[in-house]
2 protein chains.
Amino acid sequence: MSAAVLCIGTELTRGEIVNTNASWLAEMLTDRGGEVGAIEAIADDRALIVETLHRLSARHLVIVCTGGLGPTTDDITSECVAQVLGVPLRRDDASLDAIRARMEKFGRVMADSNQKQADFPEGARVLQNRKGTAPGFQVGLGHAQAFFMPGVPREMKTMFVEQVAPALAPFVQGQMFQVRLKTFGMTESAVNDRLAGIEAAHAVTLAYRAHFPEIEVKVLARGDGCRERARAAADAVIDRLGPDVVYGEGDVTFAEQLGKLLVERKLTLAVAESCTGGGVGRLLTERSGSSDFFLGGVISYANRVKEQLVGVPAALLAEHGAVSAPVARAMAEGALRVLGADVALALTGVAGPTGGTPDKPVGLVHFAVASRAGTSDRQMVFPGTRTQVRDLAAFAGLSLVRKVVLHGHDA
Amino acid sequence: MSAAVLCIGTELTRGEIVNTNASWLAEMLTDRGGEVGAIEAIADDRALIVETLHRLSARHLVIVCTGGLGPTTDDITSECVAQVLGVPLRRDDASLDAIRARMEKFGRVMADSNQKQADFPEGARVLQNRKGTAPGFQVGLGHAQAFFMPGVPREMKTMFVEQVAPALAPFVQGQMFQVRLKTFGMTESAVNDRLAGIEAAHAVTLAYRAHFPEIEVKVLARGDGCRERARAAADAVIDRLGPDVVYGEGDVTFAEQLGKLLVERKLTLAVAESCTGGGVGRLLTERSGSSDFFLGGVISYANRVKEQLVGVPAALLAEHGAVSAPVARAMAEGALRVLGADVALALTGVAGPTGGTPDKPVGLVHFAVASRAGTSDRQMVFPGTRTQVRDLAAFAGLSLVRKVVLHGHDA
């Protein structure tokens, strides 16, 4: 299934927003067996839209398009498609009623400009918009099927999943099955090297999606026995990378998986954060349900707060400095005690870009995990910007909690 | 200056990464007076790359291209450009030495595969890579100037700013000047409506860049007196939106501006976070220098922590519930006292997607700001996903701190 993604909107070609729709659609199409040759973003320009549709429809079986379906004068996608097809626009009364009803529901009166959102090229199949005003549509364009959707990500994604994806089924040859493995702790090139040979051995395709600092490994099998092959290959991936790197499957987060483990073990977690400034707590509470295992913590940014809230001795701070293993240990033990948690994680580091010294360079982070059974500590030096150092440190801290919960303090 | 952005790489067309390079380059070109008609991402496919370069060079004066300059066999950009030009590749000894020296510096030995990174189409101008291995290059392609850069964002951005942008100067007609205003608190369409008429009155162009939950307003003036016109128009924008919405100019963050204000007033800040889980602390410490005003805080996720660490009375929690104005006030007053801060911000809310009730719906957040002079509270209901509610709440909380610092508790 040769496919193209076309995103229409001058806000894209001026760089006013990052085109997350394009990568999302490319991933969805690839996951469904599509071979996406091109992703194009073009300005709201009639000649350019018409010419691009002609060109893409001559070479792809599927075109998925977003944008230009709004009520304003620069929204001209439907007109351009009608021009390419050589057909008139026709008003769809059902769509008009739906637009009016939706606006009334939100206490707004339908403006004249909204009426054109119910106009479609003659013969088009209307795609309803459950999340917004502008409906989409599907037409045959040359030998391609073309799908036009609004640019608002939430509206587009719902429409794609519910109405476009099912219409793509006839283009997909045979069965396919995919397993998505979430990993943390290795770079993409290291993961790639470690997995050499798995594609051939199991007749699968491996793909990667980077979502800093995580790498998702996607194992795709096609044809007969695809489910079993994908599973066997996924197990081989887990075996090669190890269970400390592959932390879960499907739509799970690292913090969520750690939370499940803590809930299973009936353990509560607290944090004492310095260089991450609250970033670990934010990660832990990203998904709902985190109150089942996360009590809270202390952002002990100033040294005085390290002393007052988690009882780090002033002498320890004076002797070793705030970024040191003894202070990390005292922070973790203090958080354990003060919050009455079963496990406590502490982080203190030099996030940069300033503040580094030869002894304590930018990127150095000391971690400690305390429990009733003892305290572990570790130090790491992370590369990158301040944001990257902080994000890596937050993940590495949670990773250390996981190791201690699974393997104890001696591991 | 008609321009196109071309990004080469199958990782893009498979949706494995979001193409942030494209929007960054589009913005840079637009800021320099470019009219970006198209942004294309294509797979690592020789025929497709050659044909796309032919097509884009026939219609644009400037082509800015990323990707395909690495050492592996699927990195074929240089070969394809040579093919389009009908010239051979030539090895550049200076580049080869630079690649070898860089790899040795990082303790690596240059592999044979790296040698091809020193091969360029005959006649190309080499663009040095200060941040990585792969050099870029510039060639004339039809009547276009085409610039080829690596896909790694940090390498690409440095190369663009230092070597590509200066080479674009001859394409820009006349002078131009831009003022960037950072705003928070209004939607893009509301900002747009409020600024109607400013473009015509001051002969400037307004553009927007959304970076949730902020909107950047860019005021661009060209030609004679552009500096003065841009300034006058920017002042008109500030006047229309108000200083509480326009919080700064240029490359500043909301937290950083608040920090400057606090440092000026010699005030320290503490936080007590519930629904944001540490997100406010993370925002406050995003830039270095935050220790000048931010002491730290308490992530009081569990009710017990609200009682133990910031002294919220159990009776208050029982009577009003954790998400209530009295509890927010007690959290802020407790954080002020416990951390010894001059100002303390507290947030408690229902981030969702579960946990909402008719009285306390998903999105409801109670805020309080305490200082020696008293305590203010406020409640807001935010739309969107759990992540959006939390991000909006963190910004709105900092916004409330700013108001209290500027105008006191009665405003």
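Helices (H or I, at least four residues) and strands (E, at least two) are taken here as DSSP runs, numbered from the N terminus. The structure is a predicted model, in which local features need pLDDT of at least 70 and side-chain atom pairs count only at pLDDT 80 or more, while totals for chains, interfaces and linings use all residues. Residues are numbered from 1 along each chain as its sequence is written, and chains are lettered from A and ligands numbered from 1 in the order in which they are written.

Chain A contains 16 helices and 17 strands. Its C-alpha atoms fill a box of roughly 80 × 55 × 40 Å along the principal axes. Of the 411 residues in chain A, 49% are buried, where buried requires 20 or more other C-beta atoms within 10 Å of the residue's own, exposed means 12 or fewer, and partly exposed lies in between, with C-beta atoms placed from the backbone. Two residues are in contact if their C-beta atoms, placed from the backbone, lie within 7 Å. Among the contacts in chain A with a separation of 6 or more, 65% come from residues 24 or more positions apart.

The relation between the chains comes next. Chain B is superposed on chain A by a rotation of 180 degrees with 0.1 Å of shift along its axis, at an RMSD of 0.1 Å. The two copies are thus related as by a two-fold rotation axis. The superposition is by least squares on the C-alpha atoms of residues with pLDDT of at least 70 in both copies. The copies meet through the same surface, because 100% of the interface residues of chain B are also interface residues in chain A.

Strands count as paired if DSSP finds at least two bridges between them. Arg125(A) has Gln138(A) in S7(A) as its bridge partner.

A nonpolar core is a set of buried Ala, Val, Leu, Ile, Met, Phe, Trp, Tyr and Cys residues joined through C-beta atoms within 7 Å. The largest has 152 residues, and those with the most contacts inside it are Ala332(A), Ala335(A), Ala344(A), Ala332(B), Ala335(B) and Ala344(B). Apart from it lies another core, of 100 residues, including Leu12(A), Ala38(A), Leu168(A) and Leu53(B). Leaving aside residues up to four places away in sequence, Ala344(B) touches Ala270(B), Val271(B), Ala272(B), Ala332(B), Ala335(B), Leu336(B), Leu339(B) and Ala370(B).

Helix H15 (residues 325-339) of chain B has 15 residues and reaches 21 Å from its first C-alpha to its last, close to the 21 Å expected at 1.5 Å a residue; the expected span is 1.5 Å times one less than the number of residues. H15(B) is mostly covered, with 12 of its 15 residues buried. Among the buried residues are Ala332(B), Ala335(B), Leu336(B) and Leu339(B), and also Arg329(B) and Glu333(B). Just after H15(B), Gly340(B) takes a positive phi of about 65 degrees.

Some backbone details remain. The peptide bond from Gly352(B) to Pro353(B) is cis, with omega near 0 degrees, and Pro353(B) is found in the loop between strand S15 (343-349) and strand S16 (364-371) of chain B. In chain A, the bond from Gly352(A) to Pro353(A) is cis, with omega near 0 degrees. Ala203(B), a residue other than glycine, has a positive phi near 55 degrees. Ala203(B) lies in the loop between helix H9 (198-202) and S10 of chain B, and counts as partly exposed with 15 C-beta neighbours inside 10 Å. Strand S10 (residues 205-211) of chain B runs antiparallel to strand S11 (residues 214-222) of chain B, joined by 7 bridges, and a hairpin connects S10(B) to S11(B) through 2 residues.
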